[in-house]
Amino acid sequence: MRSRMKWGDFVIIGAVLALAGAMLAFFALRASGDTLYAEVWQDDRLVERVELTDTTDRTIDLDGHNVIVLSGKTAVMQSADCPDQVCVRTGRLTRAGQVAVCLPHRVILKLTGTSTDGIDAIVS
């Protein structure tokens, strides 16, 4: 038995794809009003909290062990002198909730954000 798709099937598929596209656009535009912060933690204490904007250009050197670069609305653990380099291989952080961790030096780089739409914070 061979079933063929009818024209109504294409209408349903098209409607579902259009709805998915509209939802994607809605959430993408809504997230653009969020404020993004980079938090650098070492030994369970907050070393620095920097608001990330399009003009952010900052380098944070943690005792020569870890170098963190904040550029625009991104953060990256550029270098570390630990043997495994997991924190460096994490790559560029761009969204709230992303984290890079260097366990040997007890350093955490995380992005947090606050929203202008009534939600207090995005928790990682």
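How many helices and strands does the chain have? The chain has 2 helices and 8 strands, where helices (H or I, at least four residues) and strands (E, at least two) are DSSP runs numbered from the N terminus. This is a predicted model, in which local features need pLDDT of at least 70 and side-chain atom pairs count only at pLDDT 80 or more, while totals for chains, interfaces and linings use all residues. Residues are numbered from 1 along each chain as its sequence is written, and side-chain values use heavy atoms, with hydrogens and water left out.

**Overall layout**

- Along the sequence, the order of elements is α-β-β-β-β-β-α-β-β-β.
- The chain has 124 residues, of which 28% count as buried; buried means under 20% relative accessible area, exposed over 50%, and partly exposed in between (1.4 Å probe, protein chains only).
- Among contacts in the chain with a separation of 6 or more, 32% come from residues 24 or more positions apart; contact means heavy atoms within 4.5 Å.

**Strand β4 and its neighbours**

- Strand β3 (residues 57-62) pairs with β4 in the antiparallel sense over 6 bridges; two strands pair if DSSP finds at least two bridges between them.
- Within this pairing, Ser71 in β4 is the bridge partner of Asp57.
- The hairpin of β3 and β4 has 3 residues between the strands, and Asp63 in this hairpin takes a positive phi near 55°.
- Strand β5 (residues 74-80) runs antiparallel to β4, and 6 bridges join the two.
- Opposite Leu70 stands Ala75 in β5.
- The hairpin formed by β4 and β5 has 2 residues between the strands, and Gly72 in its turn has a positive phi of about 65°.

**Salt bridges**

- Side chains of opposite charge can pair when their charged atoms come close.
- The whole structure contains 4 salt bridges, each being a side-chain nitrogen of Lys or Arg within 4 Å of a carboxyl oxygen of Asp or Glu.
- One of them joins the side chains of Arg106 and Asp43, at 3.7 Å from N to O. This pair links distant parts of the chain, 63 residues apart: Arg106 is in the loop between β7 (99-102) and β8 (107-114), and Asp43 is in the loop between β1 (35-42) and β2 (45-52).
- Arg106 is partly exposed at 47% relative accessible area, and Asp43 is partly exposed at 44%.
- Arg106 also forms a salt bridge with Asp44, with the closest N and O atoms 3.4 Å apart. Asp44 lies in the loop between β1 and β2 and Arg106 in the loop between β7 and β8, so the pair ties together parts that are 62 residues apart in sequence.
- Asp44 counts as exposed, with 67% relative accessibility.
- Another salt bridge joins the side chains of Glu48 and Arg58, at 2.2 Å from N to O. Glu48 is in strand β2 and Arg58 in strand β3, so this pair ties together parts that are 10 residues apart in sequence.
- Arg58 is partly exposed, at 36% relative accessibility.
- Asp43, Asp44 and Arg106 belong to one network, joined by salt bridges that share partners.
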